[in-house]
Amino acid sequence: MRDHRYDVLFEPVRIGPVTARNRFFQVPHCNGMGHRHPSSLAEMRGVKAEGGWAVVCTEEVEIHHTSALDGAVEGRLWDDMDIPAHRLTVERVHAHGGLAGIELVHSGLNAPNTYSRVPALGPSVRPVTSGTPSVGREMTLADIADLREWHRAAVRRSLRAGYDVVYVYAAHGLTVFQQFLSPRFNSRTDEYGGSLENRVRLLREVLEDTLDLCAGRAAVACRIVVDELLGVDGQGRAVGLGRSEMEEVFGLIGELPDLWDLMVGEWDFDSSTSRFEQEGYSEPFVHGFKQLTTKPVVIVGRYTSPDTMVRLVNQGITDFIGAARPSIADPFLPNKIAEGRVEDIRECIGCNICVSGDWLSVPIRCTQNASMGEEWRRGWHPERIAPKPADAADAKVLIIGAGPAGLEAAMWLGRRGYEVVLTEASRTLGGRVVREAALPGLAEWGRVRDHRVLQLEKLDNVLVTLESPMTAEEIVEYDFTHVAVATGATWRVDGLGRFHAAGVFTGALTPDDLLAGLRPSGNRVVVYDDELFYIGGVLAEMLATEGFQVTIVTPESKVSAWTVNTMEQHKIHRRLVAAGVTILTDTTVLGHEGNVARLACTYTGREHSLASDAIVSITFREPHAPLVGQLQSLGSQHVQAIGDAYNPGTIAEAVYSGRLYAEALQAPDLGVGATPFRREIIGLAGR
Ligand SMILES: Cc1cc2nc3c(=O)[nH]c(=O)nc-3n(C[C@H](O)[C@H](O)[C@H](O)COP(=O)(O)O)c2cc1C
Ligand code: SF4
């Protein structure tokens, strides 16, 4: 039964000619599947609708080859050939009672166009913003007329595909309509530049075009930046669009679209991680915009708390609860609130592993929801799993180690109906997640443990034991038919890693030591980070805030280099500088003797030394699963390492490994060499 406090979230809301069944709105989010994996994409969106989201949107969908976001795999609607793939998505969303929204994009100066090999287009001559060393062309009035026709054509195709909501996209600094609006990109002197009325002209015209075409058939939404957060330049001039100017924009076109989708800053702020922002971080910026229009408004801010959602609606801050990541981590979030199962919500931890899939152009993945991106490919579901086979009545599974992989495996095996024992040698469940959640900014990562522990409590067929280290001899005494070893991994201590092919120092501390509470002797510490993800930066920050004098040394040209894929790298650098950490990039550590670290430039090999009392070695973790070999030598048949114990990696990979183990247990053998998931092959065009 639903808690009546949440009733307001389930009120239907009209958006122009269509009605959303409730206030849960999956805002556009890309997913690395886009035009390349249409069946995977459609099934993923369908599952969101099944989970109760009233509106389920696409990612940004390129409307024309002059807006080719090559590298990334976005949606595409360049011509009629793209329509069938979109129909598939619409069908899946409609099948579960949702409204399907499409976010049309012309990326303007952000389009690298390296595939289509045409110049980027923009309001004025400016460098292309997506990293290619090219310059965009200033659009002529004829180009602007063409752009409007391309957009109209895409709207017609969207309607033919069956979409219920069609977006005009002017946000994230990524689209031509925002570029015309913003003085940062627009220095035109004709009727499309200069005054705000002129800069808003193109957006107004395209909104009017879209409304004309959609008339009565689909709603028109506008995603808009309400503050570019760019501040002022050295002369005190506003660099981009600030709040007051955007309020004026609402004065000019506030009543045009059927819905306003409000966002703030660029993508890295909009999708901030929990390390840098808490739930609701956009609220102060979007506050008050709803009062500037009579049209419904949607806002975002990693919202997972239904109480916060109710407050946002009741205080008149928004009509819809927009969500990308909360809907990725838990596609069934709305249904869980509706069914009075709030405690079952699998809350997003704000790690942006989902975002990394987009940057790496691979199907989306999620730390909390291992089924994300696997709905069609492997047939996984965020809430359901096939029961154990009928002939598996006697099967009993022992899982050793209750880190992310062990917890995930136990939960899904329990749901399959297996009798499961999950043993943990320490006093706490969660493994590395518990330890890392104690680091600065990572508290929300504890949700990986919390969700699974709560679910396990609901499963009578899963027994969880703490402080129960087991030897191989003890294990074989019991009658387990299957044993999963999820005993984690240990950090290497000697500097061997990507850069060094052999160990280079002794006596170093590792992240394991620091997480266990050990601290360097002496005050000057070198943190050698050749792992490149978050742990080096986080530990350097922690030590600095504890009063150590920290130098972080990395062979890469950026600190915490891989975090560009979670859009945190620049924030980490900034935070380390603020904490007083010295950052040495393109540098490696050759040795650490006495109170001296020997360093070398990775390009020239030129050596220098640094006074240092201690070194922390962060290169990689090695699997820790001695039980596997021991059990096999005692004759155990079905023993398998999972998670970090098999293949150390991200927490997302460990969770995925746990799910994979649970899905695959006693599943039919696919045969040697078989690809274990469905693939979609691009059709040949013919000659
Ligand atoms: C993986 C991912 C991809 C995204 N892609 C898009 C996109 O294609 N278009 C867009 O307007 N916003 C995109 N966003 C931004 C989201 O729509 C949203 O505004 C932002 O993530 C904040 O909402 P959240 O905290 O609920 O995730 C993306 C976000 C994520 C996490
Ligand atoms: S990957 Fe992380 S940030 Fe993205 S939805 Fe999942 S838990 Fe949230």
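Select helix H6, residues 201-214: its 14 residues reach 20 Å from the first C-alpha to the last, close to the expected 20 Å at 1.5 Å a residue. The expected span of a helix is 1.5 Å times one less than its number of residues. Helices (H or I, at least four residues) and strands (E, at least two) are DSSP runs, numbered from the N terminus. The model is predicted: local features need pLDDT of at least 70 and side-chain atom pairs count only at pLDDT 80 or more, while totals for chains, interfaces and linings use all residues. Residues are numbered from 1 along each chain as its sequence is written, and chains are lettered from A and ligands numbered from 1 in the order in which they are written.

Within H6, colour Arg 201, Leu 202, Leu 203, Val 206, Leu 207, Thr 210 and Cys 214, the buried residues of the helix. A residue is buried if 20 or more other C-beta atoms lie within 10 Å of its own, exposed if 12 or fewer, and partly exposed in between, with C-beta atoms placed from the backbone. An α-helix has 3.6 residues a turn, so residues three or four places apart point the same way. Now show what covers the buried residues of H6, including helix H3 (141-161), strand S10 (165-170), helix H4 (176-181), helix H5 (196-199), strand S11 (219-225) and helix H7 (243-253). Just after H6, stop at Gly 216, where phi is positive, at about 80 degrees.

Next, select helix H1, residues 38-50. This helix has 13 residues and reaches 18 Å from its first C-alpha to its last, close to the 18 Å expected at 1.5 Å a residue. Is H1 mostly covered or mostly open, and how many of its 13 residues are buried? H1 is mostly covered, with 12 of the 13 buried. Among the buried residues are Pro 38, Glu 43, Arg 45, Lys 48 and Glu 50. The buried residues of H1 pack against strand S3 (24-26), S4, helix H2 (83-95) and H11; two residues are in contact if their C-beta atoms, placed from the backbone, lie within 7 Å. H1 is followed by Gly 52, with a positive phi near 110 degrees.

A residue is near a molecule if its C-beta atom, placed from the backbone, lies within 6 Å of it. Ala, Val, Leu, Ile, Met, Phe, Trp, Tyr, Cys and Pro count as nonpolar, Asp, Glu, Lys and Arg as charged, and the others, Gly among them, as polar.

Move to ligand 2. Which of the 13 residues around ligand 2 come nearest? They are Arg 325, Cys 348, Cys 351, Cys 354 and Cys 366. H11 and H13 each supply at least two residues of the shell, and H11 gives the largest share, 3 residues. By class, the shell around ligand 2 has 8 nonpolar, 4 polar and 1 charged residues.

Continue to Gly 379, in the loop between H13 and strand S15 (396-400). Gly 379 is partly exposed because 14 other C-beta atoms lie within 10 Å.

Then colour by domain: domain 1 (4-359), domain 2 (390-488 + 624-664) and domain 3 (492-622). These bounds come from an automatic or database domain assignment. The centres of domain 2 and domain 3, taken over C-alpha atoms, are separated by 31 Å. Their contact takes 7 residues from domain 2 and 8 residues from domain 3.

Select Pro 648, in the loop between strand S28 (639-641) and helix H22 (651-664). Leaving aside neighbours within four places in sequence, Pro 648 is in contact with Ala 489, Phe 620, Arg 621, Glu 622 and Pro 623.

Finally, zoom out. The protein chain has 22 helices and 28 strands, and buried residues make up 55% of its 687 residues. Along its principal axes the C-alpha trace spans about 80 × 65 × 60 Å.
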